[in-house]
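Dear colleague,

I am passing on the structure below, together with a short account of what was found in it. Please keep it open beside you as you read.

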Amino acid sequence: MTTAQPQSVAGSADYQSIVDWLLEKVAFYLEVPVTGIEPTGKLVEYGLDSVYALALVGDIEDEYEIEVEPTLAWDHPTVAAIAGLVRDLIAESRTAS
């Protein structure tokens, strides 16, 4: 039996979709084109400050209905690293349901 997942989680749980979503968010915060951010580049080197890092935490929690630590951007300093964590947390939350 499959339970219905909210569209945001069900439609965006694969790694590349998460990366793309994160790149859009970071680009928006930094006011730069998405193409100017590499998934493996350190967010702090792009200029992501603590205010936007916390905003990103809230956005991730809202979009994917998971909880992440406020230190996310420091513990996982790249979009690629954050995407991997988010993907894993989504998978954990699905198996726990």
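Which residues of the largest nonpolar core touch the most other members? This is a predicted model, in which local features need pLDDT of at least 70 and side-chain atom pairs count only at pLDDT 80 or more, while totals for chains, interfaces and linings use all residues. Residues are numbered from 1 along each chain as its sequence is written, and side-chain values use heavy atoms, with hydrogens and water left out.

To take the question, the core has 28 residues, and those that touch the most other members are Leu-22, Ile-60, Tyr-64, Ile-66, Ile-82 and Val-86. A nonpolar core here is a set of buried Ala, Val, Leu, Ile, Met, Phe, Trp, Tyr and Cys residues joined through side-chain atoms within 4.5 Å, and buried means under 20% relative accessible area, with a 1.4 Å probe and protein chains only. Two or more residues of this core come from each of helix H2 (15-30), H4, helix H5 (72-75) and helix H6 (79-96), and H2 gives the largest share, 9 residues.

As for the chain, there are 6 helices and 0 strands, where helices (H or I, at least four residues) and strands (E, at least two) are DSSP runs numbered from the N terminus. Of its 97 residues, 36% count as buried. Among contacts (heavy atoms within 4.5 Å) between residues at least 6 apart in sequence, 60% join residues at least 24 apart.

The axes of H4 and H6, which are lines fitted to C-alpha atoms over the stretch in contact, with angles that run from 0 to 180 degrees between N-to-C directions, come within 12 Å and cross at roughly 35 degrees. Leu-56, Ile-60 and Tyr-64 of H4 make the contact with Ile-82, Val-86 and Ile-90 of H6. Leaving aside neighbours within four places in sequence, Ile-66 is in contact with residues including Ile-60, Val-86 and Ile-90.

Asp-59, in helix H4 (residues 50-64), deserves a separate look. Asp-59 is buried yet has no salt bridge, the nearest side chain of opposite charge being Lys-25, 4.0 Å away; a salt bridge is a side-chain nitrogen of Lys or Arg within 4 Å of a carboxyl oxygen of Asp or Glu. Not counting residues up to four places away in sequence, Asp-59 touches Trp-21, Lys-25 and Tyr-29.

With best wishes

Terms used: Buried < 20%, exposed > 50% of the residue type's maximum accessible area, 1.4 Å probe, protein only. Lys, Arg positive; Asp, Glu negative; His and termini not counted.
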